[in-house]
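Please look over the sequence and the structure shown below before reading on.

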Amino acid sequence: MSLLEETVAWFSEPAQWSGATGIPWRLAQHIGYTALAVAAAALVAVPLGLYIGHTGRWRNLAVLSTGALRALPTLGLLTLLALQLGIGLSAPIIALAVLCVPPLLAGIYSGLEAVDPATVDAARAQGMTEAHVILRVELPLAMPLIIGGLRSAVLQVIATATVAAFIGVGGLGRYIIDGLAVSDTARVLGGAVVVVILALVIDALFAAAQRLSAHFADPATPTKERHA
Amino acid sequence: MSIKRLATVSAAALLVLSACSDPDDAGQESDDAAQESAGTIGIGSADFPESQIIAEIYAHALEAEDFQVERNFQIGAREVYMPALENAEIDLMPEYTGNLLSYLDPETTATSAEDIEAEIPQALPEGLEVLDTAEAQNKDSLNVTEEFAAQNDLESIGDLAELEQLSLAANPEFAERAYGIPGMEEVYGITDVDFTPISDGGGPATLQALLDGTVDVADIYTTTPSIEENDLVTLEDPEDMIAAQHVVPVVRAEAMDEQARSILNEVSAALTTEALTQMNARNSGDEVEEPATIAQDWLEENDLG
């Protein structure tokens, strides 16, 4: 049997579609880890990004430190954290959040920076408080770039969350790590295919959200590409 | 000017080098030919430190008796070095009995040291043989903390069946292999194991999970220094659920004369699990000594070098 046939056979086994080791549950775990990691990253990235984008302060520091963060190998960080925090969810969630902060932060501060200063001045001239300026003017206008940052952050986490399986938690990485351990290539490939499909679906959702937000930020932008 | 000078110097250097290398090459070839008949022994090793340490022990022991050896270390997986042995690219490899047999005969059900040793000679390809096995063995072992062993009166794997709840950390393959979860149920009647797969081969993360109480039992290789360093209790395996993995030299029969064989057999006679564990400890942690030095020191301590 070819690898392709074996993989198709792997997908068609009933055991793959129910229970704690089935695809639906593993998929739910994977999405759950991704959501937790992105939420944890947002706790840091959103306030920091708004501050940097709004004031323009610390910009260089942010660029430098997020660049350095991006260079951290997630698997190494995961192992280090697992030794400190023990086996469980906290180590992989933190490691993935670290991966997630740079694109999220960059999306937010560059989105805010890209807002025309004249628009911000006009908002202030109308008597808006700084909080109102951020919430009602800068954020909506920056939204396409912020969603772009979120999109790239989420996709990186979906792809990388597979490493969490190295230290005993679930998710789609289990198929890849366990399959490798017993040389079950069909299982490895099957797990990878599910990750790819998940990534593509989520990416398509974000692409739609980005177009929609661009429309809100500037109603002249079409929500769909028009074909003449 | 300086560039021109540099070029001249390099050209001269190249000339000297090539002049040197030519006769050397020729010499090497005739040397090779001479050694082939006099028996240069090509020694391989797998790509993990312990295999390299054992290979260095073989190499130093043979060199001490004026054998010519050639080191081809860190070859990698069995799928690579076993064919290399068959093709006479190397003549000697340190091996582990259980893994060697299951590579040669994937269908084997032998797990005891005796059964495995009895089956290996028939399973080996023609021209290859194993010499004496050492007492030293590096196999999976189930370990608990001293405290947990005392609390639950644990000595052997079978005693785990008495526990109401049992959690265990090991490499992911433990969930599916005969020496793992299926074997625990079949051989010792242990069911409902809460399994945490950690992919570090009984390394620091597995140890951490055991020490902080995340799991009750951890699968750690027998020659890992952390077992002794943390006073872990290795559970006995009277039913041989876990296949024996004694260190054994696999050799190309033609390449080994009587003297070489007896040197290697003397090494095997002296090599214990404890010695191997201590040598591994020197290769890791604070010391990180070179395999060659570790091997040399051990041979001297045992009057073999």
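What follows is a report on a predicted model, moving from one chain to the other and then to the spaces in the structure.

**Chain A and its annotations**

Chain A is built from helices, with nine helices and zero strands, so that its pattern, when read along the sequence, is α-α-α-α-α-α-α-α-α. Taken along the principal axes, the box filled by the C-alpha atoms of chain A is roughly 70 × 55 × 25 Å.

According to UniProt, in an unreviewed entry, the feature "domain: ABC transmembrane type-1" lies at residues 27-206 of chain A. This span, residues 27-206 of chain A, is 82% helix and 0% strand, and its end C-alpha atoms are 19 Å apart. The unreviewed UniProt entry also gives the annotation "transmembrane region" to residues 31-52, 61-83, 89-109, 153-177 and 189-209 of chain A. Among them, residues 31-52 of chain A are 100% helix and 0% strand, with end C-alpha atoms that are 30 Å apart, whereas residues 153-177 of chain A are 52% helix and 0% strand, with end C-alpha atoms that are 23 Å apart.

| Helix pair | Crossing angle | Distance between axes |
|---|---|---|
| α2(A) and α5(A) | roughly 35° | within 7 Å |
| α6(A) and α7(A) | about 145° | 10 Å |

Helix α5 of chain A covers residues 90-113, and α2(A) passes α5(A) in a crossing that is right-handed. When the residues of this contact between α2(A) and α5(A) are sorted by class, there are 22 nonpolar, three polar and one charged.

In the other pair, helix α6 spans residues 117-125 of chain A and helix α7 spans residues 130-160 of chain A, and the crossing of α6(A) and α7(A) is right-handed. On the side of α6(A), the residues in contact are Thr119(A), Val120(A), Ala123(A) and Arg124(A), and they meet Glu130(A), Val133(A), Val137(A), Glu138(A) and Leu141(A) of α7(A). By class, the contact of α6(A) with α7(A) contains five nonpolar, one polar and three charged residues.

**Chain B: an annotated span and a loop residue**

For chain B, an unreviewed UniProt entry carries the annotation "domain: ABC-type glycine betaine transport system substrate-binding", which covers residues 40-301. Residues 40-301 of chain B are 41% helix and 17% strand, and the end C-alpha atoms of this span lie 26 Å apart.

Which residues does Pro125(B) touch, not counting residues up to four places away in sequence? Pro125(B), which is found in the loop between α5 (113-123) and β4 (128-130) of chain B, touches Glu86(B) and Leu104(B) when such sequence neighbours are left out. Although Pro125(B) and Glu86(B) are 39 residues apart in sequence, they are 7.5 Å apart in space, taken from C-alpha to C-alpha.

**A pocket lined by both chains**

The second largest pocket has a volume of about 460 Å³. It is lined by 22 residues, of which the closest to the pocket centre are Thr21(A), Arg26(A), Arg174(A), Asp178(A) and Pro197(B). At least two residues of this lining come from each of α2 (23-55) and α8 (173-181) of chain A and β7 (193-197) of chain B. Which element gives the largest share of the lining of the second largest pocket? That share, four residues, comes from β7(B). Divided by class, the residues of the lining of the second largest pocket are 10 nonpolar, six polar and six charged.

**Cavities**

Searching the whole structure gives three cavities of 30 Å³ or more, and the largest cavity holds about 40 Å³ of space. The lining of the largest cavity is made up of Asp140(B), Asn171(B), Gly201(B), Gly202(B), Asp219(B), Ile220(B) and Tyr221(B). Strand β8 of chain B, residues 217-221, gives the most to this lining, with three residues. By class, the lining of the largest cavity has two nonpolar, three polar and two charged residues.

Definitions and conventions:
Residues numbered from 1 in each chain as written. Chains lettered and ligands numbered in written order. Predicted model: local features only at pLDDT ≥ 70, side-chain atom pairs only at ≥ 80, totals over all residues. Heavy atoms only, no water. 1 Å grid on protein atoms, 1.4 Å probe; cavity = no way out; pocket = protein on both sides within 12 Å on 5 of 7 lines; lining within 4 Å. Points joined across faces, edges and corners; volume = space filled by probe spheres on them. Nonpolar A, V, L, I, M, F, W, Y, C, P; charged D, E, K, R; others polar. UniProt positions renumbered as here; feature names shortened; annotations may be inferred. Axes fitted to C-alpha atoms, helices over the stretch in contact; angles between N-to-C directions. Left-handed = near helix turned anticlockwise from the far one by under 90°. Contact = heavy atoms within 4.5 Å.
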